[in-house]
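Please look over the sequence and the 3D structure shown here.

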Amino acid sequence: QVQLVESGGGLVQAGGSLRLSCAASGSIFSINTMGWYRQAPGKRRELVAFITKYGDTNYVDSAKGRFTISRDNAKNTVSLQMNSLKPEDTAVYYCNAEIMFSGGFSYTNSWGQGTQVTVSS
């Protein structure tokens, strides 16, 4: 069984910064793409950023220039550095990873439990 555990959410004023981290643990053979999604109240969950195992990254337009995603393949972790935060960034942020379990033959989409990010104006 694989667990994704997020940390680093909280309350911050507009213009401030937060760093989210996510660690995958369990019987992991390989992790493909890792990413961060967010869901604001009354809205659909949206992709914020993802990073492949080769280090290629992609961001939602609203995050470009402000957020940076990174990963440590040796530690099975992914982080999201968020700068210049805006009230509209307020949401629950979820870690996501495509994980192949030990002894498995395909990748499974796994989710963390979510961490709240609140940006006050």
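The sections below describe selected residues and strands, one topic at a time.

## Basis of the report

This is a predicted model, in which local features need pLDDT of at least 70 and side-chain atom pairs count only at pLDDT 80 or more, while totals for chains, interfaces and linings use all residues. Residues are numbered from 1 along each chain as its sequence is written, and side-chain values use heavy atoms, with hydrogens and water left out.

## The disulfide

A disulfide is a covalent bond between the sulfur atoms of two cysteines. Here the term is applied to a pair of cysteine sulfur atoms within 2.5 Å. By this rule there is one disulfide. It joins Cys-22 to Cys-95, with 2.1 Å from S to S. The two cysteines are 73 residues apart and link distant parts of the chain: Cys-22 belongs to strand E3 (residues 18-25) and Cys-95 to strand E9 (residues 91-101). Strands (E, at least two residues) and helices (H or I, at least four) are DSSP runs, numbered from the N terminus.

The angle about the S-S bond is -80°, and the link of Cys-22 and Cys-95 is left-handed. Are these cysteines buried or exposed? Buried means under 20% relative accessible area, exposed means over 50%, and partly exposed lies in between (1.4 Å probe, protein chains only). Cys-22 counts as buried because its relative accessible area is 1%. Cys-95 is buried too, because its value is 0%.

A pair of aromatic rings is described by the distance of the centres and the angle of the planes. Rings of Phe, Tyr and Trp (its six-membered ring) pair if their centres lie within 6.5 Å; planes under 30 degrees apart count as stacked, over 60 as edge-to-face and the rest as tilted. A search of the whole structure finds one such pair. Tyr-37 and Trp-111 form this pair, which is edge-to-face, with 4.9 Å centre to centre and 65° between the planes. Tyr-37 is in strand E4 (residues 28-39) and Trp-111 in strand E10 (residues 108-111), 74 residues apart, so the pair links distant parts of the chain. Tyr-37 is partly exposed, with a relative accessible area of 22%, and Trp-111 is partly exposed at 35%.

Trp-111 also has a charge over its ring: the charged end of Arg-45 sits there, 4.7 Å from the ring centre. The charged end of Arg-45 also sits over the ring of Tyr-94, 3.7 Å from its centre. A charge sits over a ring if NZ of Lys or CZ of Arg is within 6 Å of the ring centre and within 35 degrees of the ring normal.

## Strand E1

Side chains alternate along strand E1 (residues 3-7). E1 and E3 run antiparallel and are joined by five bridges; two strands pair if DSSP finds at least two bridges between them. Val-5 stands opposite Ala-23 in E3.

## Thr-115

Thr-115 is found in strand E11 (residues 115-120) and is buried, with a relative accessible area of 12%. Leaving aside neighbours within four places in sequence, Thr-115 is in contact (heavy atoms within 4.5 Å) with Glu-6, Gly-9, Leu-20, Ala-91, Val-92 and Tyr-93. A polar atom of the Thr-115 side chain lies 3.3 Å from the backbone nitrogen of Gly-9.

Technical notes. Polar contact = N/O pair within 3.5 Å; in protein donor to acceptor, adjacent residues only side chain to side chain.
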